[in-house]
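Me: I am new to this structure and would like to go through parts of it with you. Could you take my questions in turn?

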Amino acid sequence: MASPLSLFTVVSHRILSLHPPHPNRSLLFVKPKSPFSRTVSRDLRMRLHSETRNYVDKELIPSSTDSKLNPLEAGSKNLEKLVATVLILAQVWSPLPLFGLDSAYISPAEAVLYSPDTKVPRSGELALRRAIPANPNMKTIQASLEDISYLLRIPQRKPYGTMESNVKKALKVAIEDKDAILASIPEDLRDKGSELYALLVDGKGGLQALIESIRYQDPDKVSIRLASSLDTVAEMELLQASGLSFLLPQQYMNYPRLAGRGTVEITIEKADGSTFQAEAGGEQRKSATIQVVIDGFSAPLTAGNFAKLVTNGAYDGAKLNTVNQAVITEDGSGKVESVSVPLEVMPSGQFEPLYRTPLSVQDGELPVLPLSVYGAVAMAHSENSEDYSSPYQFFFYLYDKRNSGLGGLSFDEGQFSVFGYTTAGRDILGQIKTGDIIKSAKLIEGQDRLILPAQNNNSSST
């Protein structure tokens with residue numbers, strides 16, 4: 001009979017599994033020791049300034065010993081003191097690497113962890129939109145509009161003039177580069193693309209209407225029409241992205257892969273007879289449905305393997321466990337045929353994923369699909385190696401800013417294969433308890449983009 005400990009999910013450092021923790025392993029999501037902060041740096045400057053003032057007050061006044069020296073020796077000694085004082089003052093008021101004090105200042109690469117202005121996507125929809133490999137002109141339009149989202153967060157006096165300039169810039173690109181934008185859409189989808197283009201420019205939720213809302217300085221209408229414009233941009237970009245924008249490494253061609261987007265519908269059922277809390281005006285229910293959009297543009301192997309497992313019914317009846325900031329499936333790798341996919345992370349600004357290589361956020365590396373979003377979906381690590389994902393276990397990440405770095409990033413950012421986000425039913429995630437069951441999981445969109453090699457063996461798994 002298994003011990004009680006083996007029945008619970010144990011979360012070891014960067015490994016999620018259903019095994020007792022090794023005594024030398026630390027727990028996942030434990031905050032590391034914080035490096036030197038800017039506050040400490042400022043305190044150091046103040047302390048140095050205070051000590052320098054005392055030094056000046058005490059040392060520049062001739063002492064009784066100095067008075068016994070001859071005029072030449074006394075003058076030389078005072079000159080040495082003056083030079084030392086000048087050097088100390090220069091170090092206090094300018095960031096020169098004197099006396100090894102440069103460690104008091106945080107480097108630009110490390111600052112990404114501590115800057116509250118770090119522009120990582122804060123929602124699954126935003127992260128998924130940025131991950132679409134589309135026409136550069138559309139990305140320019142998208143970036144101009146997304147900047148308005150940040151401007152809307154400014155309290156009180158909002159910079160409506162800057163917002164209007166951003167929309168006009170986007171509108172100019174849309175009009176001047178219309179031919180290039182539509183030419184990037186496959187011919188059989190071009191009629192649909194033309195309809196979306198007209199909506200983007202002149203539609204009720206388009207750019208012209210957005211400019212009008214900004215001029216009325218109505219933040220609610222601006223937010224609604226901005227969301228509408230960005231949705232249209234994403235639809236056009238998805239038409240442009242007909243498949244993967246890079247070639248997979250030859251050694252990974254034997255894995256299932258998803259060449260684009262897919263949607264998975266997961267129905268979760270309460271095991272203890274309780275109910276999920278209803279949304280406003282709804283009824284309490286024993287089961288609830290959530291939707292997950294999985295992204296093959298940035299994680300084709302991970303998303304493809306997950307989609308294959310879903311279509312094979314591998315998660316139907318799977319038990320869920322709630323752990324620190326995550327809801328994870330039980331370890332069912334022994335019950336189904338599956339392969340262990342290599343760790344797969346697409347760095348921001350790159351054109352293809354890295355394999356078996358975690359990102360170093362402290363060096364400024366950020367993923368296209370960040371973990372630091374409530375409802376992010378990622379694969380657990382393999383029991384055997386952190387360079388590979390589990391062949392079966394996945395988890396929903398319950399991001400909590402209170403347990404993150406000052407930049408709002410998870411301390412495990414860039415360490416897991418994130419392959420999608422919960423886009424509907426996010427309120428259900430926080431209500432899941434250990435023992436609840438996945439009643440069913442279905443791939444409701446993207447079957448035509450799932451590529452299954454004729455021979456998919458376990459020789460490439462760990």
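Me: Which residue takes a positive phi in the hairpin of S6 and S7?
Reply: Gln325 does, with a phi near 65 degrees, and the hairpin has two residues between its strands. Please note that this is a predicted model, in which local features need pLDDT of at least 70, side-chain atom pairs count only at pLDDT 80 or more, and totals for chains, interfaces and linings use all residues. Residues are numbered from 1 along each chain as its sequence is written, and side-chain values use heavy atoms, with hydrogens and water left out.

Me: How many bridges join S6 to S7?
Reply: Four, and the two strands run antiparallel. Strands pair if DSSP finds at least two bridges between them. Strands (E, at least two residues) and helices (H or I, at least four) are DSSP runs numbered from the N terminus. S6 covers residues 320-323, and its Val323 stands opposite Ala326 in S7.

Me: And what about S7 and S11, how many bridges there?
Reply: Three bridges join S7 to S11 (residues 389-397), again in an antiparallel arrangement. Val327 stands opposite Phe396 in S11.

Me: Are the faces of S7 covered or open?
Reply: Both are covered. Ala326 and Ile328 on one side, and Val327 and Thr329 on the other, are all buried, where buried means under 20% relative accessible area, exposed over 50% and partly exposed in between (1.4 Å probe, protein chains only).

Me: Changing topic, why is H12 described as largely enclosed?
Reply: Because 11 of its 12 residues are buried, H12 is largely enclosed by the rest of the structure. Among the buried residues are Pro300, Phe306 and Lys308. Just after H12, Gly313 takes a positive phi of about 75 degrees.

Me: Which residues touch the most other members of the largest nonpolar core?
Reply: Ile266, Ile294, Tyr315, Phe394 and Phe396 do, in a core of 34 residues. Such a core is a set of buried Ala, Val, Leu, Ile, Met, Phe, Trp, Tyr and Cys residues joined through side-chain atoms within 4.5 Å. The largest share of this core, five residues, comes from H12.

Me: What does Ile266 touch?
Reply: Not counting residues up to four places away in sequence, its contacts (heavy atoms within 4.5 Å) include Val292, Phe394, Phe396 and Ile438.

Me: Last one: is Glu146 buried or exposed?
Reply: Glu146 is buried, with a relative accessible area of 7%. Its place is in helix H6 (residues 136-152). Leaving aside neighbours within four places in sequence, Glu146 is in contact with Leu126, Arg129, Arg130 and Leu230.
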